[in-house]
Amino acid sequence: MFALRAPQAFDGTRFLLGGATVLVEGEKIVGVEAHDFAVPDGCAVTSYDGTLLPGLVDAHVHLVADGSPGSLERVEGMSPEEIDAAIEKTLAAQAAKGVTTVRDLGDCDYRTLAFRDRRTPGQPRIIAAGPPITTTGGHCHFLGSQADGADALRAAVAEHHERGVDVIKVMASGGFLTVGTDMFGVQYEATDLAIVVEAAHAVGLQVLAHAHSIRGIEAALAAGVDCIEHFSGISEDGSVISDDLLDRVAAAGIMVDPTMGFDQSLLAFMPPPPPQALEVMAKTGMDFGSMLARGFETAARLRAHGIRVVPGVDSGAMPLKAHGNEWIAIADLVRAGWPVEEALAAGTSGAADACGVGDVTGRLAVGYDADLLVVRGDVAADASALGETEAVVVRGHPV
């Protein structure tokens with residue numbers, strides 16, 4: 001048995017008055033006590049002058065890509081051994097910044113499933129989608145699982161289920177990283193997406209839809225997906241997401257992951273955007289900065305309309321989206337006007353619930369897995385303190 005102690009603590013839903021002492025035995029939390037609790041004889045206790053909280057949950061990662069320019073696109077030409085080495089590297093990067101659970105939404109050849117099942121000490125828990133389902137030549141086609149037409153879509157869902165995935169990811173619209181895809185339209189009409197939803201729900205799997213365009217969001221909503229990823233609301237006339245659309249997403253109970261978490265400190269060192277991104281910016285009349293500002297506005301509006309937000313990063317997609325940036329995604333919600341407790345809950349217990357593991361992680365509670373993060377500073381006063389990692393424990397194993 002060992003214990004961690006800090007004068008500020010967040011239990012997954014609220015800050016605990018006076019801090020806490022958390023006792024760990026094996027993989028589990030066996031006590032959540034007052035800061036001055038007298039630990040049992042033989043229990044080593046480490047005290048920190050900071051904030052103790054559950055490990056973070058990044059609900060949108062690409063473990064096969066390390067975030068360097070072109071790393072996701074290069075996966076197609078990598079050997080299985082090279083892909084596995086990338087997954088090991090990116091999992092370590094996540095753990096180093098206090099992310100103890102990841103939901104992988106862009107695999108190649110189902111490589112992440114073996115890591116999910118291996119339970120290596122100190123490795124973050126993995127929820128795996130396998131390769132995203134996309135159209136022939138569509139967004140992320142280089143990861144596999146291209147499907148056109150009803151029969152092919154049902155077959156793709158069946159294969160994913162047989163392989164043992166935890167969720168289904170489908171590309172409703174084009175994407176910035178894939179040349180030739182339509183960022184303003186749809187890859188799958190609502191009727192196609194509904195086939196995916198019906199087939200996935202029949203075997204107990206949620207469907208998460210990648211959608212940058214307003215048309216893609218509308219198609220995903222009409223099809224009844226469980227969560228919409230990105231939710232950028234891109235349109236050729238530059239119009240914003242309407243209040244009516246937000247109200248309908250809320251009424252349908254569909255979750256949204258706005259994939260924030262850009263490391264803006266690196267902006268000055270970035271090369272110019274690729275041609276397909278520049279084309280989108282030209283058509284919408286926005287540059288990267290105004291797109292980021294639009295994202296903060298959207299995050300505030302999602303909360304105002306009562307839409308459940310699941311913060312993920314799209315980790316590994318580009319240098320600004322490094323593995324371990326989940327703390328930035330949570331701090332971004334605060335920057336968008338969210339109360340600190342709500343933002344922290346969204347990135348811990350809320351995201352764990354959304355990923356189907358809320359009964360084992362995301363909270364400081366007896367019987368939960370000992371997934372813990374200690375950071376320097378008082379997160380209640382300054383959300384950016386989340387990035388000052390002091391200690392990480394994954395399922396009882398100190399990282």
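Reply: Happy to. The expected span of a helix is 1.5 Å times one less than its number of residues. Bear in mind that this is a predicted model.

Me: What makes the length of α9 agree with its number of residues?
Reply: Helix α9 covers residues 288-304, and its 17 residues should span 24 Å at 1.5 Å a residue. The C-alpha atoms at its ends are 25 Å apart, which agrees with that expectation.

Me: What caps the N-terminal end of α9, and how do you know that?
Reply: The cap is Asp287, with a side-chain oxygen 3.2 Å from the backbone nitrogen of Gly289. Just after α9 comes Gly306, with a positive phi of about 75 degrees.

Me: Which residues of α9 are buried, and what covers them?
Reply: The buried ones are Met291, Leu292, Arg294, Phe296, Thr298, Ala299 and Leu302. Their cover includes the strands β13 (227-234) and β14 (255-257), and also the helices α7 (243-252), α8 (275-284) and α10.

Me: Why is His62 called buried?
Reply: Buried means under 20% relative accessible area. His62 has 3%, so it is buried. This residue sits in the loop between β8 (56-61) and α1 (71-74).

Me: What does the side chain of His62 make a polar contact with?
Reply: Its partner is the side chain of Asp314, at 2.9 Å. Beyond its neighbours within four places in sequence, His62 is also in contact with residues including Leu72, Asp104, Gly106 and His323.

Me: Why does Thr21 count as buried?
Reply: Its relative accessibility is 0%, so Thr21 counts as buried. The residue lies in strand β4 (residues 20-25).

Me: Which backbone oxygens does the side chain of Thr21 reach?
Reply: One is the backbone oxygen of Ala34, at 3.0 Å. Another is the backbone oxygen of His35, 3.0 Å from a polar atom of the Thr21 side chain. Leaving out residues up to four places away in sequence, Thr21 touches Ala3, Leu4, Arg5 and Phe37, among others.

Me: What makes the phi of Asp109 worth a remark?
Reply: Most residues other than glycine have a negative phi. Asp109 is not a glycine, yet its phi is positive, about 60 degrees. Thr259 is another residue other than glycine with a positive phi, near 40 degrees.

Me: Are Asp109 and Thr259 buried, exposed or partly exposed, and why?
Reply: Asp109 has a relative accessible area of 44%, so it is partly exposed. Thr259 is at 6% relative accessibility and therefore counts as buried. Asp109 lies in the loop between β9 (99-104) and α3 (112-118), and Thr259 in the loop between β14 and α8.

Me: Why does Pro275 count as exposed?
Reply: Exposed means over 50%. Pro275 is at 64% relative accessibility, so it counts as exposed. This proline is found in helix α8.

Me: At what angle do α10 and α11 pack, and what is the handedness of their crossing?
Reply: Helix α10 (residues 326-335) and helix α11 (residues 340-354) pack at about 145 degrees, with axes 8 Å apart. Their crossing is right-handed. The contact is made by Glu326, Ile330, Leu333 and Val334 of α10 with Val340, Ala343, Leu344, Ala346 and Gly347 of α11. These residues divide into 7 nonpolar, 1 polar and 1 charged. Gly counts as polar here.

Me: How do α4 and α5 pack?
Reply: Helix α4 (residues 150-163) and helix α5 (residues 190-202) meet at an angle of about 35 degrees, their axes 9 Å apart. This crossing is right-handed. The residues of the contact divide into 7 nonpolar, no polar and 2 charged.

Note on methods
Residues are numbered from 1 along each chain as its sequence is written. This is a predicted model: local features need pLDDT of at least 70, side-chain atom pairs count only at pLDDT 80 or more; totals for chains, interfaces and linings use all residues. Side-chain values use heavy atoms; hydrogens and water are left out. Helices (H or I, at least four residues) and strands (E, at least two) are DSSP runs, numbered from the N terminus. Buried means under 20% relative accessible area, exposed over 50%, partly exposed in between (1.4 Å probe, protein chains only). A polar contact is a pair of N or O atoms within 3.5 Å; within protein, one must be able to donate a hydrogen and the other to accept it, and residues adjacent in sequence count only if both atoms are side-chain atoms. Contact means heavy atoms within 4.5 Å. Axes are lines fitted to C-alpha atoms, for helices over the stretch in contact, and angles run from 0 to 180 degrees between N-to-C directions. A crossing is left-handed if the near helix is turned anticlockwise from the far one by less than a right angle, and right-handed if clockwise.
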